[in-house]
Amino acid sequence: MATPVLSTKFFVPPQRAHFVARSRLLDRLTEGRARHRKVTLISAPAGFGKTTILSEWIADIASKEPDTRIGWVSLDEGDNDPARFLDYVFAALKYPPRDGAPEPVIAELINLVERDSAPALLILDDFQVIDSVAVREAVVSLLAHQPAKLHLVIASRSDPPLPLGRLRAAGDLTELRAAELRFTPEESRTFLNEVMGLELSAGDIAALESRTEGWIAGLQLAALSMREHEDVAGFIEAFTGSNRFVVDYLAEEVLQRQPDALRSFLLQTAFLDRLTASLCDALTGRTDGHEMLDALERDNLFLVPLDEQRQWYRYHNLFADVLRARSRREDRDRVAELHRLASMWHEQHELLEPAISYALAGKHFERAAHLIERSLPEMRRRRHDMTLLAWLKLLPDDTTRRLPVLRTFSAWSMFIAGDLDGADRRFGEIEESLRSADGHDSLAGEELSKLPVTIAAYRAAIAQARGDIHATEVHARRALELSPADDHLGRGAGGGLLALALWAQGDVGAAVPAFRDAMSSLEVAGHLTDAISGTVFMADMLAVQGRRLAAREAFERATVLAATAGDGWAVDLHPGMSELAREEDDLDGALARLTAEPPSGAHAGVPENRYRWFVAMSRVREAQEHLDEAAELLDEAERFYLRGFFPDTRPISAMRARIWIKQGRFADAVAWAAERSVSADDDVEYLHEFEHVTLARLLIARSRSGGDGRDAPDATDVRATDATGATRLLDRLLGAAEAGGRGGSVNEILVLQSLALHAQGRLLDAMAPLRRALMLAEPEGYLRLFTDEGAPMAALLDEAGRRAIMPDYVRRLRRALGIATPTVDALVEALSDREVTVLRLLATELTGPQIAGELYISVNTLRTHTKHIFDKLGVSGRPAAVRRAQEQGLL
């Protein structure tokens, strides 16, 4: 059952038949938009006419610019769920709805506005009700990438926590505040005498205007009270006090002067966020709801229409506050019953979200619980997670104890909060209740029937968070066993978690196909979001295998899928694609991927992936040799890292230690190893492979610098010990990586083996692992794997060039390292006259024996000459020698 979007929330309030024209304010608003300022902020306490002036302005724009896309959202507390908030933004702007996390949905909104031929205007009214950090940061993200075609208007009782200072400094902000919104004396006269139909003298108007300080709601309440007062002057004389006093005093005055039937109607309907005739009848037990609403609007009694047909209304916020307070004082028990009746009416009209909200507000918890169960499939599909969790927090344990479906999602919220033990205990209790003969009270349906699968998957996630690989695998396999063949969601979740367990064990050869099958199941189930974001983990596994090209293909496919889905989820893929570009030494491309999607508070994609942006940017800054900034970015990454969603195979602390090693901060790196209990004598296992490789890097770096960097008599011994210790550790790591099919790990270990041997002065021995690393890495396009190692690698590549090892690849690496290629003169000088002659003949179609005959030398002598030529040119064969000579202008 779909959760409907309430159209009344994005209805632009109409202008009243009689209103005070405020051209001075309209001119301010129009000027700001004409100057292409990004944002208009109208900030003032309640009752200053914020909504009224906006509706007048919007009506003016609509009449002059009929093609402008205008979206109005009347916000309420329920909009603190970012998914719901964005649902209403899209609906208000008449764009097709989008599901997903805030950042990609916002990216899609921006793209839609950019592609639209007409400008757009988005109004967020009553923004003060938004206290969700996620929603506020979603708006910040929109501001950061706001297209020129979009003008954003925010109306609020207080300044929103948005970057107003930055907007103001850039000239992108138009502001209207209480001082500008107050009625001028002339506007007060027009309102009181012409709109409200009073006949006040200039002195009375001046006195009343002075006492209210132009506060519009105060003037309106005073005018309503004065209609029934014979002594107007006396009323004005007695009228004094603060805004809060004015509201309480005048609202009571207004209430007391209403007929009993109307007064009763007001108090009984006071708690409704939106009113329509049949809903009011359900609460009052009468049949005159339509007539009452007409009378309230006709008498200007703080009723705001919410649609053109005058079917839906709301009370002015100030007036509603007073009505609700009075209703509670008179009959608190009746208030609870009114909430129950409101909940029933909304349920009957298939409006489950407000039905749940009214049930919770009236403390009808059992009713609310069953309604939440009914709404679960749709709430989960639309990813209204925050709303769902907020509801669950309001339900007492006594209510949910016999409702295993709700308790399951309550337990999951405990997991998200980091209470792994509490969540595990709760799942055990739920499983016991499902087996109990006493039964339970959950509604039969899809969520209940699949509950064992859901619990098994959640328990696998808890085990994953604890680092318990065996338990992860056991629970994941159980989820698969319990899932029928057509339960693609259950099979996708169970299969994905099983693949993560295999990955954590280092068996990426089995993990990759298992994870690919799981993502396919999720795609068939319609969970494209999970299938797309899962590509990030797939790419991680492929990188461990050394399959960079396959990782690129996975990213490209996911990008196409995201574009097809239209949900903007490609944002999650950018850090991984940045890393691919960085490895190819395309630092500009790597940076462009990241700066195109900078991290905002709402996050790029799923929350557990947000830290990846900072890691990827750190890697780019490290490659640019901005090591301090790289380390700071890792601090940010650590702040956003969420433990437990996937194996922590590359701990951020180890990445930071690698930067310290480059900076020569060996003491800090040693302290890291001690804190993490990383030793060269440890058993090697995949989950700690990255840390052990980092330790090997530390030992190699210290061996070059003389231990801890101090001048000491035994410095030579320290260097030798570190180098040989690194070699022994790398030998064991290489064997484990080869056995696990982890080609990416093998590549890095081979590179480090060559560096360790070189550090021991064993240059010729270093060539064997280097040759193998080059052969494995070249087909996959690795560059930074070698060039990140700097001068020591340059020395090794020089030797490899002399030995004609992978000559073309080595030349490319040398160029990337900035090592100058020999000039033409140097090459000519290096080649003897006879070698130059042989080289020129090699460029012809003559065979070897024919060239030997041409020069009157033996074939063996020719072979000696060609070997010298190949070595000096850094090539391994005749065609390459000819190409090299042509490149250098020798032929």
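In the predicted model, strand β5, spanning residues 173–177, is mostly covered, with four of its five residues buried. This strand is joined by five bridges to β1 (residues 39–43), and the two strands run parallel. Within this pairing, Ile 42 lies opposite Leu 176 of β5.

The β1–β5 pair belongs to an open sheet of five strands, arranged in the order β2-β3-β4-β1-β5 with parallel pairing. The edges of the sheet are formed by β2 (69–74) and β5, each of which pairs on one side only. On average, neighbouring strands of the sheet are turned by 10 degrees against each other, direction ignored. Helix α3 (residues 82–92) packs on this sheet, where it touches β2 and β3 (120–125). The direction of α3 makes about 145 degrees with that of β2.

In the first, the axes of α31 (residues 574–583) and α33 (residues 611–623) come within 9 Å and cross at roughly 20 degrees. Because the limit for a roughly parallel arrangement is an angle under 35 degrees, α31 is classed as roughly parallel to α33. The crossing of these two helices is left-handed. On the α31 side, the contact involves Pro 575, Ser 578, Glu 579 and Arg 582. These residues meet Arg 612, Trp 613, Ala 616, Arg 619, Val 620 and Ala 623 of α33. By class, the residues of the contact between α31 and α33 comprise five nonpolar, one polar and four charged.

Helix α33 also contains Glu 622. With a relative accessibility of 12%, Glu 622 counts as buried, since the cut-off for burial is under 20%. When residues up to four places away in sequence are not counted, Glu 622 touches Leu 627, Ala 630, Ile 659 and Lys 662.

In the second pair, the axes of helix α40 (residues 763–777) and helix α42 (residues 791–802) come within 10 Å and cross at roughly 90 degrees. The two helices are therefore roughly perpendicular to each other. Helix α40 contributes Leu 763, Leu 764, Ala 766, Met 767 and Leu 770 to the contact, while α42 contributes Met 793, Leu 796, Glu 799 and Ala 800. Eight nonpolar residues and one charged residue make up the contact of α40 with α42, and no polar residue takes part. The two helix pairs are accordingly described as roughly parallel for α31 and α33 and roughly perpendicular for α40 and α42.

A further residue considered individually is Arg 334, located in helix α17 (residues 332–348). Its relative accessibility is 30%, so Arg 334 counts as partly exposed. Arg 334 touches Gln 268 and Leu 283, with residues up to four places away in sequence not counted. Between Arg 334 and Gly 362, the separation is 28 residues in sequence and 9.9 Å in space, taken from C-alpha to C-alpha.

How values were computed
Residues numbered from 1 in each chain as written. Predicted model: local features only at pLDDT ≥ 70, side-chain atom pairs only at ≥ 80, totals over all residues. Heavy atoms only, no water. Buried < 20%, exposed > 50% of the residue type's maximum accessible area, 1.4 Å probe, protein only. Pairing = 2+ DSSP bridges. Axes fitted to C-alpha atoms, helices over the stretch in contact; angles between N-to-C directions. Parallel < 35°, antiparallel > 145°, perpendicular 65-115°, else oblique. Contact = heavy atoms within 4.5 Å. Nonpolar A, V, L, I, M, F, W, Y, C, P; charged D, E, K, R; others polar. Left-handed = near helix turned anticlockwise from the far one by under 90°.
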